[in-house]
Amino acid sequence: ATAQMEERLAEFILNYSPENVLPLADGVLSFIHHQVAEMSRDCLTKSHEGLITSVYFRELQENLERLLHDAYERSESSELTFVTELVKKLFIIISRPARLLECLASSSLAIHIYTYIYMYKSSFKRKTERRLSNHFTEIRVDPNLGYLLARF
């Protein structure tokens, strides 16, 4: 999901950065356009550096919503549609990784449960191997079949 997001962000930046499209006549929308482009660049940079978190995505979403709200309040230009579509495209690009990270962040209980299960399983395996070694002189483990026991 991250690789796909990075690819789509790079394409988004290439296609929709202010320096790559005709300038907007409305100053407010031009500023918002510039901000959206900077947010997409920042997201791509943070993703490359491995610094993306669910909190980052939440803040990015809030900032984009705030910008969109400002655009509707401050401008009545026909270019508003362009900025709205720009924000929607960025939302679509980040939505999947954001949802995945949110699921991972909200499942900290599940992580603790899986950790406990893993620890229990490892402990059980060690205890079982110790008990079996008391009865058998050799214990061979086959990952596909489980334990193969040999008594000598």
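View 1. The predicted chain runs α-α-α-α-α-β-β in sequence order, giving five helices and two strands. Helices (H or I, at least four residues) and strands (E, at least two) are DSSP runs, numbered from the N terminus. Residues are numbered from 1 along each chain as its sequence is written. In this predicted model, local features need pLDDT of at least 70 and side-chain atom pairs count only at pLDDT 80 or more, while totals for chains, interfaces and linings use all residues.

**View 2. Packing of α2 against α3.** Helix α2 and helix α3 (residues 54–74) pack with their axes 10 Å apart, at an angle of about 170°. The two helices are therefore roughly antiparallel, a term for angles over 145 degrees. Axes are lines fitted to C-alpha atoms over the stretch in contact, and angles run from 0 to 180 degrees between N-to-C directions. Residues in the contact (heavy atoms within 4.5 Å) include V28, I32 and M39 of α2 and F57, L60 and L64 of α3. The contact residues comprise twelve nonpolar, two polar and four charged. Ala, Val, Leu, Ile, Met, Phe, Trp, Tyr, Cys and Pro count as nonpolar, Asp, Glu, Lys and Arg as charged, and the others, Gly among them, as polar.

**View 3. Confidence in α2 and β2.** Mean pLDDT, the predictor's confidence in each residue from 0 to 100, is highest in helix α2 (residues 27–48), at 89, and lowest in strand β2 (residues 146–150), at 45. Over residues 146–152 pLDDT stays under 50. Where pLDDT is low, the predicted coordinates should not be read in detail.

Conventions: Heavy atoms only, no water. Parallel < 35°, antiparallel > 145°, perpendicular 65-115°, else oblique.
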